[in-house]
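Have a look at the structure first, then read on.

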Number of protein chains: 2
Amino acid sequence: MAKIAVLGAGIMATALTFPAAENGNEIHLIGTHLDDEIIDSVKKDGTHPVLGLRIPESVKPYYFTDAAEAIEGADIIMSGVNSFGVEWAGEQLARLAKPGQTILSITKGMHAEEDGTLHILPDVLKEKMGPLADQVDWAAIVGPSIAGEVAVHHLTCVTFCAEKQEIADKLAPLYRTDYYHVWTSTDFIGNEVASCMKNIFAFGGGFAPGILKKLGQENDKYVMYNYAAALFGEGARELKQMVELFGGDPTVTENLGGVGDMFVTTMGGRNVRAGTFVGQGVPFSEIRNVKMKGVTLEGVAAIGVVGEALGRLTARGVIKDTDFPLVRALYEIVAHDAPLDLPWETFFGGER
Amino acid sequence: MAKIAVLGAGIMATALTFPAAENGNEIHLIGTHLDDEIIDSVKKDGTHPVLGLRIPESVKPYYFTDAAEAIEGADIIMSGVNSFGVEWAGEQLARLAKPGQTILSITKGMHAEEDGTLHILPDVLKEKMGPLADQVDWAAIVGPSIAGEVAVHHLTCVTFCAEKQEIADKLAPLYRTDYYHVWTSTDFIGNEVASCMKNIFAFGGGFAPGILKKLGQENDKYVMYNYAAALFGEGARELKQMVELFGGDPTVTENLGGVGDMFVTTMGGRNVRAGTFVGQGVPFSEIRNVKMKGVTLEGVAAIGVVGEALGRLTARGVIKDTDFPLVRALYEIVAHDAPLDLPWETFFGGER
C-alpha cells in the first residue's frame, strides 16, 4: 500500500483512483485551480460530474489551495493534468514534490524546440522542476484505456513504464486488480511517443464517417471501413517511425501502447468528432472557432506541435521530406485549413 | 489491358471486376458449380444478388460448365473461391490453366500437415496443380478491402504480392484506379500469413459486444473498447509472430496486410457475429449447429486449422507453449466449447 497524491481531477486521473483505492492505497485527489466544481461535487456527494460516477469513498478530495497538505508525505504523485497544463504542472511539482517521490505521468503529447527537436511531456515536467527532477523517480501509464471503462471495472490492459524497472515493479501491484491488468516496461520514450502519436491519428478516424455524412450515405449498406483501415495502417507505420526517430523500442508499436491504444482512440472521442467535421468539408478554423469552440482537442494540438516540428526537422535534414506523409497532411488541415485530400499514393512508402 | 478469367463469383472476386473492367480489361466471371444462381442473375439483369449491385456491363458471366472456354487465352486467372474450396480450385486449375498464365489468389486461410506444419493457400493450389504449378506465375491480393466498398468506389488501399516483382508490376496497373490504390510486395508468405491471421482475430472482435449484450449494457455510457483494444494489440503481436515463424517479413504486420486488414475485419462480418454469441455465453457448438447453421465462417475455420497445428508444433518443440496464447484460447472455444475466459495475464509476453 502507498500514499498516492493525484494532481488534477480530470476523468482519466480520477478513473485511476478506482483500482488504486480498491487496493487499499491512500488516495488524495487534488483538483487544479480549474477543477473547483469537480471537487465541490466530490465533496458534496462523492460524484465526479464529468465521469458521471461516484468515486471510491476512501478517496479524499482536495482543492488546489490545499495541495501542499495533500501531497505531504506521498509516495507517488500522479500528474494528471491534460497536455495544455503540463508546464503549469511542472511548476507546481517544483514547489510541492520532495526528493524520493515517484512522479507518475498520464498526460500524452509532445513539445517542440525552435529547431523542431521534439520532447515527450515528462521531459517538460522535468525541465520545469529543475534540479529536483533528478531526485525523484519517473514513470508513466500508457495503453488503451478509456477512463470511464476503467471506473466501471471493464477489463483494461495497460503498460506502466518507468526509467527504472524497480520503479515499475513497485507501482504495478498498487494498481493491479482482476479488471485492471498491468504490464511494465523500461522503454519510457517509446511508449510515450506512441501514446502521443495515436492521439494524432485518432483525428483521421473521423474522416470516413464525415465523408459519408456529407454524401448522405451514413446508413448505406457499404460504408468506408476500407478508408479507415488504410489510414489506421499508415498511422501505425508512422507511429513506429516516430518511435524509432526518438530512439525508442519499435516493438512497442505492435503492442498495447501502439496499435492497441490507437485502436481504442479511433473508436470515438473529441478528436474523432473534430475529424468528422473535416470529412464533411468544414475548414478546420471553423471547427476550432465555431463547431467545437472551447473543446479541448489534445490530438489536434499534438498535430500542430509535431507537424510544425516535422518541417523544421526536414529542413535540418534529420528526416526526409517523404517521411510522415500522413502527419504532414493532417498538419496542413489543422494549421492551414487545407481541404481533405489525402496523398494516398505517398503512404506505405509510396505506391508502386 | 489484359484478359482476366475469374474463377468463382463470390462477392470479393466479383467486386474486383469493377476496377479491372473500368480499366478496360476483358473480364470473364466464371461461377463455380455452387454459383449458378449468381450467374443466372448476372445474365438476367447484370445484378450480383449477394453484393446487391449491378456489375460492370463489360464483364462476361459464365457457368462453370463453360469454364474451359472462359479461361482459354486468359493472361490472368483469379482464384476467387473461398477457403473451403481451395483444393477443388487447385484441381480445376490443374485441368484448365496453361503455362505462362498468372494465378492471382484472393482466398485467405491455411492448411496444416499431420505434424502441424502450416501452409498458405496458394501452396495448396500449387500442390493440386502438380508440375504445372512451376509453369505459371503466382500472385495474391491482400489488404483491408470489404468487397462492397470496392464495388461502390469507396477508397481502398491494397497490396498485390507476387513471387516475382515483375509479376506484381504487371498486375498492379491493370487494377489501379483513383479509388483502388495498389502497392506491390514480393513478400508473398508474410502477406498471406497475415491475411489468414487477421481473420482469426476478427472472431475476438465480437467478444466485447457480446459480453455487453449479456449484461444488458449495450447502450451504457461506457462500453468495452479497452477490452477490444487489448485483444487487438495481442492479435497484432501474435500475427507478427506467425509471420516470423513462416519466415515472412515482419514489417508487413504494421502495414496494410497486417493491422490495417485486422482493423477492417474487426469492424464487422460473420466471424465477428459468431464471436458476439461467444461473448453472450453461447457454447461454440451451438453457434455452429444452431445460431449460425450453414454460415461460412472462414476465420473460425482458420482457428481450427492453426489452433490444432499449434499443439503439434509445440509437441515438436518448434514453438514454446507460451507462444500464441490468444490463438490457443480461441481454439479452445471453437474446438472444445470452452467458455470465454481469456488468459489475459499470459498476453503481451506475460503480465509482469
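Let's start with a term: two residues are in contact when they have heavy atoms within 4.5 Å of each other. Leaving aside neighbours within four places in sequence, Ala147(A) is in contact with Ile11(A), Met12(A), Ala15(A) and Leu51(A). Keep in mind that this is a predicted model, where local features need pLDDT of at least 70 and side-chain atom pairs count only at pLDDT 80 or more, while totals for chains, interfaces and linings use all residues. Residues are numbered from 1 along each chain as its sequence is written, chains are lettered from A and ligands numbered from 1 in the order in which they are written, and side-chain values use heavy atoms, leaving out hydrogens and water.

**The annotated positions**

- An unreviewed UniProt entry marks Ala147(A) and Arg270(A) as "binding site"; such annotations may be inferred rather than shown by experiment, and positions follow the numbering used here, with feature names shortened.
- The two are spread over 124 residues of sequence, yet they cluster in space, with a largest C-alpha distance of 13.7 Å.
- Ala147(A) counts as buried because its relative accessibility is 6% (buried means under 20% relative accessible area, exposed over 50%, partly exposed in between, with a 1.4 Å probe and protein chains only).
- Arg270(A), at 43%, is partly exposed.
- Ala147(A) sits in helix 7 (residues 147-151) of chain A, and Arg270(A) in helix 13 (residues 270-279) of chain A (helices are DSSP runs of H or I, at least four residues, numbered from the N terminus).
- Not counting residues up to four places away in sequence, Arg270(A) touches Met292(A), Val295(A), Thr296(A) and Leu297(A).

**The nonpolar core**

- The largest nonpolar core has 185 residues (such a core is a set of buried Ala, Val, Leu, Ile, Met, Phe, Trp, Tyr and Cys residues joined through side-chain atoms within 4.5 Å).
- Among the residues with the most contacts inside this core are Phe203(A), Tyr227(A) and Met242(A).
- Leaving aside neighbours within four places in sequence, Met242(A) is in contact with residues including Met110(A), Leu118(A), Val193(A) and Phe324(A).
- Apart from that core lies another, of 41 residues, with Phe18(B) and Ile141(B) among them.

Notes. Helices (H or I, at least four residues) and strands (E, at least two) are DSSP runs, numbered from the N terminus.
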